Amino acid sequence: MSKTNTNQPSPKNILSWFNPIGKQTGGLAFILNRVTAIGLTLYLYVHLIVLGQLANGPEAYDGFVSLMNHPIIIFGELLIVAAGIMHGLNGVRIILTTFGIGVTHQKLQFYILMGIALIVILIFAVRMFNA
Amino acid sequence: MSDIKWNITLKIYRQKENEPSHYQDFFIEVDPDEYVLDAIERVWAFQDRTLVFRHACHHSTCGACGMRVDGVEKLTCITSIRSVTKDGATLKVEPLRNFPVVSDLAVNMGSLYARMETVKARSILPITEAEIETPKSEWNNTDDQYIRLSDCIECGLCISACPSAATSPTYLGPAVLAGAQANGNPIDPSLVKLLDSEDGLWRCHSAFECTAVCPSNVDPGRRIMNLRTQVISDNFHKLFHKTQGKTDE
């Protein structure tokens, strides 16, 4: 038994935004945009924390930055790059459809843009892990 | 119809007034080429007469039997069992989202009907208005004698599928915006303020789930984007004329 249903619109339903069950291409793009946006926002705070190390002097900052060469950290940075690219290109699709461009081909737009995103992410991955 | 029989389990959402919701399993033998609504009706007829659901026409015209079938909004009268499940499987049937549940699978769609009236959505229109992007100035008046029913059957599937409608009680919703768009280009001046607002066109976040689930080819997503284009264009024109007026002064 669950509690009495809340089948009505409410801001409390926001977690339903992230449920991929039953979603189709546009809905999955919607989820992707939100997940990447949250990831980028969280990264902003991490970035500020890293920059905050400057206040503790050059040694503290250099020591912290040397951690950035760890493969896990590089992978994390790659996720940030991937999030930025996918969010940006998905945003292009939304701008185009909002201006009435290619609305009937919005799925195709998504597939093409995500294809481009994948290629760019792979290029970044190769360069970052070989640097 | 075929002679093949499948045994499936219908996992149906149950809720009565002031009682907690739960799912109830019903084991049933079906012809896979029957429709989901047929199976639900058989459960009601032979297993549980307290099961409440909406239906009327059985041919996708009335829009009454909209439900969620395995998480996807469907008109159950035209959704074949074969297309959504397999022999021996469980099929989950739930009421539409974003409408208050009256009982079990029946929801109160009063908010949708009221909003459709607010935007002056029409149920009958001249055939020339069928083209989504054709402005009024290009409508062929001689065709006005040929009228047709609006594509929208007000089934509410689009509102159930829309993620923005799930979190905003005041959002007009895809069907309503599509109804406003069907009034023609340019937008009815009395509706501009309502449509060009936070709870109007700009609440849509382009998930296009409305278009994906629409059983009647209304394409609400495309209509919303068309309204946006019109509003953006009008606002640019107003801005330009205001700027020009100031320059002239």
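This report describes the fold of chain A and its interface with chain B in a predicted model.

**Chain A**

The secondary structure of chain A consists of four helices and zero strands, and its order along the sequence is α-α-α-α. Chain A has a radius of gyration of 19 Å, whereas a compact globule of 131 residues would have one near 14 Å. Along the principal axes, the C-alpha atoms occupy a box of roughly 55 × 40 × 30 Å. Of the 131 residues in chain A, 28% are buried. Among contacts in chain A with a separation of 6 or more, 60% join residues 24 or more positions apart.

**Interface between chain A and chain B**

The contact involves 31 residues of chain A and 37 residues of chain B. About 2,700 Å² is buried between the two chains, and carbon and sulfur atoms give 58% of this area. N7(A), P9(A) and T98(A) together supply 22% of the area that chain A buries against chain B, more than any other three residues.

On the side of chain A that touches chain B, the elements giving two or more residues are α1 (25-52) and α3 (71-98) of chain A. The residues of this side are classified as follows.

| Class of residue, chain A side | Number of residues |
|---|---|
| Nonpolar | 10 residues |
| Polar | 17 residues |

Which kinds of pairing between chain A and chain B are counted, salt bridges or polar contacts? The count of salt bridges between chain A and chain B is zero, while 12 residue pairs are in polar contact, with both residues at pLDDT 80 or more.

Technical notes: Residues are numbered from 1 along each chain as its sequence is written. Chains are lettered from A and ligands numbered from 1 in the order in which they are written. This is a predicted model: local features need pLDDT of at least 70, side-chain atom pairs count only at pLDDT 80 or more; totals for chains, interfaces and linings use all residues. Side-chain values use heavy atoms; hydrogens and water are left out. Contact means heavy atoms within 4.5 Å. Buried area is the accessible area (1.4 Å probe) that two parts lose on being put together, summed over both. A salt bridge is a side-chain nitrogen of Lys or Arg within 4 Å of a carboxyl oxygen of Asp or Glu. A polar contact is a pair of N or O atoms within 3.5 Å; within protein, one must be able to donate a hydrogen and the other to accept it, and residues adjacent in sequence count only if both atoms are side-chain atoms. Ala, Val, Leu, Ile, Met, Phe, Trp, Tyr, Cys and Pro count as nonpolar, Asp, Glu, Lys and Arg as charged, and the others, Gly among them, as polar. The radius of gyration is taken over C-alpha atoms; the globule rule is 2.2 Å times the number of residues to the power 0.38. Buried means under 20% relative accessible area, exposed over 50%, partly exposed in between (1.4 Å probe, protein chains only).
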